Amino acid sequence: MRNLKFKNLVALVSLTCMLGLAACGESASQTNSNQGNGSSDVLRFYAAPQTGSWYPMAVGITELMKKNQPNLKQVSIEPGGGVANIVAINGGLGEIGFSQAMPTVDGIAGNPPFKEKAENIKYVASLFPHITQIVVLKDSGIKSIKDVKGKTINVGQKGLLTEEVARRILESYDMTYDDMGSVQNLSFADSVEQMKDGRIDLMFWTVPLPFSVLTDLSQSKDIKLLSLPNDKIKELTERNQGLVKATIPEGVYKGVDYEVQTIQSPLVVIANKNTSEDLVYEFTKTLYDNLEELKKIDPALESVNPEDLPKDIGAPFHPGAEKFYKEQQLLK
């Protein structure tokens, strides 16, 4: 029942935030902005629903924390998402959580979809990239984002990073949702099925690589991934330091025998500024010491090395994480 209540709360706050209402995060931040848990024996970790791709890794990390930190009296994994977790952690509903670099940077700055600065958010670590993959069928006739005007597109479910990245890519081409024939907010599986049936012309997904549903699609249909030109990548990455240029290597999906130029935003760990320095230090140490073990849980971590954890995304570090990285000589 408790998890259900939190799930409903987070979903509501996230939806409000994405709609751009002035109330986004206000009640939570007014009530909890200075009430982050200063104790090192409680860890409420905001990750994702149990069906989400972040959940298994959240379980792995929290189990390691319980094993290595016997003084932890309360450990829980709460459902959420990239934007919703920033609202929850900023509001003091949890100590630590997952998000992505792009919404973290936007939240701290108070940029849309946030209506106010998430002043209680601090950065802990950077993990694997979420790579923007723009998918069409090979015979669609779509060669560039310029060609999608009037088409049916899928931008992912509301509140996910995918939708905000898609919106910004369209804006870089001076287009909005109003220029599309139809804009769908479908799940991974539903969007793939509709593309197979010819009901969707283009899909945006900002997800780890390779992505299982796209692997499945490439086995049954001839697909093509669209590249973004350098000028659009420059515009997007200059707007938000949490976005960086990325290359999808050839052969990741069947029939995609060429490199694809795109953007990515890494999965990051965030914490409330009032979360105990000792707790964040131990959490960071757990990531660092057990990275190889965590790779067995999520292969998306395969390319991540310990020295990648403090990657600069333009966000201030939590003192606990900063202390650990300096001890490891990963930060000055």
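Biologist: Hi! Where is the place of Pro210?

Modeller: Pro210 falls in the loop between β7 (202-207) and α8 (212-220). Helices here are DSSP runs of H or I with at least four residues, strands are runs of E with at least two, and numbering starts from the N terminus.

Biologist: And what should I know about the model before I go on?

Modeller: This is a predicted model, where local features need pLDDT of at least 70 and side-chain atom pairs count only at pLDDT 80 or more, while totals for chains, interfaces and linings use all residues. Residues are numbered from 1 along each chain as its sequence is written, and side-chain values use heavy atoms, with hydrogens and water left out.

Biologist: Where are Asp174 and Gln329?

Modeller: Asp174 is in the loop between α6 (161-172) and β6 (182-184), and Gln329 lies in the segment after α12.

Biologist: Is Asp174 buried or exposed?

Modeller: Exposed, at 72% relative accessibility. The cut-offs are under 20% relative accessible area for buried and over 50% for exposed, with partly exposed in between (1.4 Å probe, protein chains only). Gln329 is exposed too, at 71%.

Biologist: Which residues form a negative surface patch with Asp174?

Modeller: Asp231, Glu235 and Glu238 form it together with Asp174. Patch residues have over 30% relative accessible area and no salt bridge; like charges are joined within 9 Å, and nonpolar side chains (Val, Leu, Ile, Met, Phe, Trp, Tyr) within 5 Å. Asp and Glu count as negative and Lys and Arg as positive, with His and the chain ends not counted. A charge is placed at NZ of Lys, CZ of Arg, CG of Asp or CD of Glu. The areas come from the Shrake-Rupley method with a 1.4 Å probe, and for residues only the protein chains shown count as cover.

Biologist: New topic: how many salt bridges are there?

Modeller: The count comes to 16 salt bridges, where a bridge is a side-chain nitrogen of Lys or Arg within 4 Å of a carboxyl oxygen of Asp or Glu.

Biologist: Which residues are linked in a network of salt bridges?

Modeller: Asp106, Lys158, Glu163, Glu164, Arg167 and Arg168. Glu163 pairs with Lys158 at 3.9 Å, N to O, and Glu163 is buried, with a relative accessible area of 2%.

Biologist: What about Asp289 and Lys285?

Modeller: Their side chains meet in a salt bridge at 2.7 Å, N to O. Asp289 and Lys285 are four residues apart in helix α10 (residues 277-289), so about one helical turn separates them. Asp289 is partly exposed at 44%, as is Lys285 at 31%.

Biologist: And which residue forms a salt bridge with Lys326?

Modeller: Glu322, with the closest N and O atoms 3.8 Å apart. Lys326 and Glu322 are four residues apart in helix α12 (residues 319-327), so they too are separated by about one helical turn. Lys326 is partly exposed at 39%, and Glu322 is partly exposed at 30%.
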